[in-house]
Amino acid sequence: MVRIILAIVVIVLSGYSLITQTFELMPYYMFFLGALTLVTGLAELQKDRKGFWGYMNIAISLFIFFASIQAFLMN
């Protein structure tokens, strides 16, 4: 349920930015994209599939959070 809500938020924010050609919302949808990737990684680890992709999703989400914080500070 949380993944669906986060996915909808990411799609709406990125679609709005794509249509209006403004990139002011980029830090926000990057943050929500990081949250979506983190939730996906945690769901993979909870399914007892402690493979590569669960940990990779968590590492990617940390990178996206770092990039979104940098984008917040640039504005």
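Residues 24 or more positions apart account for 53% of the contacts in the protein with a separation of 6 or more, where contact means heavy atoms within 4.5 Å. The model is a predicted one, in which local features need pLDDT of at least 70 and side-chain atom pairs count only at pLDDT 80 or more, while totals for chains, interfaces and linings use all residues. Residues are numbered from 1 along each chain as its sequence is written, and side-chain values use heavy atoms, with hydrogens and water left out.

The secondary structure comes to 3 helices and 0 strands, and read along the sequence the protein follows the pattern α-α-α; helices (H or I, at least four residues) and strands (E, at least two) are DSSP runs, numbered from the N terminus. Along its principal axes the C-alpha trace spans about 40 × 25 × 15 Å. The average pLDDT, which is the predictor's confidence in each residue on a scale from 0 to 100, is 90 for the protein, and 99% of the residues score at least 70.

Helix α1 contains isoleucine 8, which counts as partly exposed because its relative accessibility is 48%. Together, Ile4, Ile8 and Val12 form a nonpolar patch on the surface with about 290 Å² of accessible area. Patches are made of residues with over 30% relative accessible area and no salt bridge, like charges being joined within 9 Å and nonpolar side chains (Val, Leu, Ile, Met, Phe, Trp, Tyr) within 5 Å; a salt bridge is a side-chain nitrogen of Lys or Arg within 4 Å of a carboxyl oxygen of Asp or Glu. An α-helix has 3.6 residues a turn, so residues three or four places apart point the same way.

In the loop between α1 and α2 the chain passes through glutamine 21, which has a positive phi of about 60° although it is not a glycine. Glutamine 21 is exposed because its relative accessible area is 54%.

The 21 residues of α2 should span 30 Å at 1.5 Å a residue, and the end C-alpha atoms of α2 are 30 Å apart, which agrees; the expected span of a helix is 1.5 Å times one less than its number of residues. The buried residues of α2 include Tyr29, Met30, Leu36 and Thr37, and what covers the buried residues of this helix includes α1 and α3. Valine 39, found in helix α2, is partly exposed, with a relative accessible area of 26%. Leaving aside its neighbours within four places in sequence, valine 39 is in contact with Val2, Arg3 and Leu6. After α2 comes aspartate 48, whose phi is positive, near 60°.

Helix α3 has 23 residues and reaches 33 Å from its first C-alpha to its last, close to the 33 Å expected at 1.5 Å a residue. Its buried residues include Gly54, Asn57, Ile58 and Phe65, and what covers the buried residues of α3 includes α2 (26-46). Asparagine 57, which lies in helix α3 (residues 52-74), counts as buried because its relative accessibility is 16%. Not counting residues up to four places away in sequence, asparagine 57 touches Thr37, Thr40 and Gly41.

Distances between C-alpha atoms also relate α2 to α3. Methionine 26, placed in helix α2, is 45 residues from alanine 71 along the chain, and their C-alpha atoms are separated by 7.8 Å. Glutamine 70, placed in helix α3, is 43 residues along the chain from proline 27, with 8.4 Å between the C-alpha atoms. Valine 39 and glutamine 70, by contrast, are 31 residues apart in sequence and 21 Å apart in space, C-alpha to C-alpha.

Notes
Buried means under 20% relative accessible area, exposed over 50%, partly exposed in between (1.4 Å probe, protein chains only). Accessible areas come from the Shrake-Rupley method with a 1.4 Å probe; for residues, only the protein chains shown count as cover.
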